[in-house]
Amino acid sequence: MSPRACVVGTSFGARIHIPALRQAGFDVVALVGLDPAKTARRAERFGVEHACTSLGEALALGLDAVSIAGPPATHAPLATEAIAAGCHVLCEKPFTLDVTEAEQLVNAGDAAGVVTILGHEFRWSVAQSSIQWALSEGVIGTPKLFVSASFISMLRTFPMPEWWFDPARGGGWLNASGSHRIDAVRQWFGEIEAVSAGLTSTSDPELGVDDTFNIRACTRSGVDVALVQSGAAAGPGAGMTRVVGTKGTLWAEGDTVHIATDGEPEGRVLAPPAFLALPDVDALAAGQHADMTLMELPPYIRLAQAFRRAIEGAPPGPGPQPATFADGLATMRVLAAVRQSATDKGRWITI
């Protein structure tokens with residue numbers, strides 16, 4: 001029997017969560033939003049039977065799972081309400097507004113015995129999952145250095161919701177994208193031990209939140225990390241991702257991962273195993289955000305499938321495993337340390 005679910009959030013929730021959950025075999029019976037008219041329109045557009053203006057209204061329908069895609073400030077109260085109702089929860093990132101909220105949610109989920117998963121879908125992206133697989137196979141020996149730098153014009157070219165520019169509601173580029181980068185570091189190399197960071201706004205006029213981060217970190221496993229990203233860099237996008245190990249180097253160019261070793265100094269394309277392939281979503285991508293849907297939906301389907309397997313107690317699938325609320329708490333601690341370091345002119349902060 002298909003698990004009954006609701007989605008909270010009429011933007012990313014409707015565009016990504018609804019089709020991803022359906023592809024994973026959930027019965028999405030309700031869409032929750034604050035604006036009754038907009039919620040009704042989106043529910044009709046995506047073929048969802050019930051348009052609700054509160055989570056409580058949706059819970060009354062009898063649910064197994066709640067998928068939360070509202071602004072970050074809503075994550076803790078919504079997840080708390082869903083857990084109290086005995087529902088399994090998939091929650092977007094950034095996880096919460098602060099470490100205290102994150103700790104409370106982890107404790108609530110553990111006490112209730114429900115599945116609690118975080119929306120780090122890019123664990124399943126071709127490049128990120130391929131690098132994880134290669135590291136697990138030991139193809140470059142012991143990792144020693146990881147550098148990720150990227151420059152994106154998104155904040156100059158893409159309309160963002162109002163809350164995004166309010167730090168009190170969880171806005172800012174560090175929360176939006178930095179949380180993904182930190183999750184990748186933890187997925188590949190384990191826990192982060194200390195950080196030294198800077199946060200800035202490159203925009204004129206300033207956005208009121210950070211649009212750029214510059215993070216140095218070291219992991220408990222001995223990897224030196226550099227994360228640099230701007231979400232408001234004019235011009236074409238550019239970036240690099242490189243992992244240097246004792247026996248070789250991995251690097252990503254788009255979705256293609258390369259490997260170089262002493263025996264193959266010029267490098268070659270790394271062929272990942274077939275189980276890392278993503279589903280074709282061409283038929284589901286339409287409208288003004290089609291390009292983003294093509295990027296976001298395939299890995300989100302894999303995330304939703306992992307969510308359902310966990311709910312049903314099935315064995316984990318091959319490849320990446322989903323980030324849990326406990327992972328979200330660990331990431332929130334790193335984000336807090338980044339902000340503390342940035343406020344104190346880059347002082348190293350031990351986590």
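Begin the tour by selecting Pro-205, which sits in the loop between strand 8 (192-200) and strand 9 (212-219). The model on display is predicted. The bond to examine here is the one from Asp-204 to Pro-205, a cis peptide bond with omega near 0°.

Next, select Pro-94, placed in the loop that runs between strand 5 (88-91) and helix 5. Lys-93 and Pro-94 are likewise joined by a cis peptide bond, and omega is about -5°.

**A pocket**

Now display the second largest pocket, which holds about 160 Å³ of space. To outline it, select Thr-96, Leu-97, Pro-167, Gly-170, Gly-171 and Asn-175, together with Leu-199, Gly-208, Val-209, Asp-210, Met-332 and Arg-339; these residues form its lining. Coloured by class, the lining of this pocket shows five nonpolar, five polar and two charged residues.

**Helix 4 against helix 5**

Select residues 72-84, which make up helix 4, and residues 99-112, which make up helix 5. A packed pair of helices is described by the angle between the axes and the distance separating them. Helix 4 and helix 5 pack at an angle of about 10°, and their axes lie 10 Å apart. Helix 4 is therefore roughly parallel to helix 5, since an angle under 35 degrees counts as roughly parallel.

Which residues of helix 4 and helix 5 meet? On the helix 4 side, show His-75, Ala-76, Ala-79, Thr-80 and Ile-83; on the helix 5 side, show Glu-101, Leu-105, Ala-108, Gly-109 and Ala-112. The residues of this contact comprise six nonpolar, three polar and one charged. As a guide to reading such a face, an α-helix has 3.6 residues a turn, so residues three or four places apart point the same way.

**Val-66 in strand 4**

Move to strand 4 (residues 65-68) and select Val-66 within this strand. Is Val-66 buried or exposed? Val-66 counts as buried because its relative accessibility is 0%, and the cut-off for buried is under 20%. With neighbours within four places in sequence left aside, the contacts of Val-66 are Cys-6, Val-8, Leu-55, Leu-59, Ala-82, Cys-87, His-88, Val-89 and Leu-90.

**Helix 6 and its cover**

Select helix 6 (residues 126-136) and show its buried residues: Ala-127, Gln-128, Ser-129, Ser-130, Ile-131, Ala-134 and Leu-135. The elements that cover these buried residues include strand 7 (143-151), helix 8, strand 11 (238-245), strand 12 (248-253) and strand 13 (256-261). Just after helix 6, stop at Gly-138, where phi is positive at about 70°.

From there, follow the chain to helix 8 (residues 173-189) and pick out Ser-177 in this helix. Ser-177 has a relative accessible area of 14% and is therefore buried. Apart from neighbours within four places in sequence, Ser-177 is in contact with Phe-213 and Gln-229.

**Last stop: Lys-345**

Finally, select Lys-345, in the loop between helix 10 (325-343) and strand 15 (349-350). Lys-345 is not a glycine, yet its phi is positive, at about 55°. With a relative accessible area of 84%, Lys-345 is exposed.

Methods: Residues numbered from 1 in each chain as written. Predicted model: local features only at pLDDT ≥ 70, side-chain atom pairs only at ≥ 80, totals over all residues. Heavy atoms only, no water. Axes fitted to C-alpha atoms, helices over the stretch in contact; angles between N-to-C directions. Helix = DSSP H or I, 4+ residues; strand = E, 2+ residues; numbered from the N terminus. Parallel < 35°, antiparallel > 145°, perpendicular 65-115°, else oblique. Contact = heavy atoms within 4.5 Å. Nonpolar A, V, L, I, M, F, W, Y, C, P; charged D, E, K, R; others polar. Buried < 20%, exposed > 50% of the residue type's maximum accessible area, 1.4 Å probe, protein only. 1 Å grid on protein atoms, 1.4 Å probe; cavity = no way out; pocket = protein on both sides within 12 Å on 5 of 7 lines; lining within 4 Å. Points joined across faces, edges and corners; volume = space filled by probe spheres on them.
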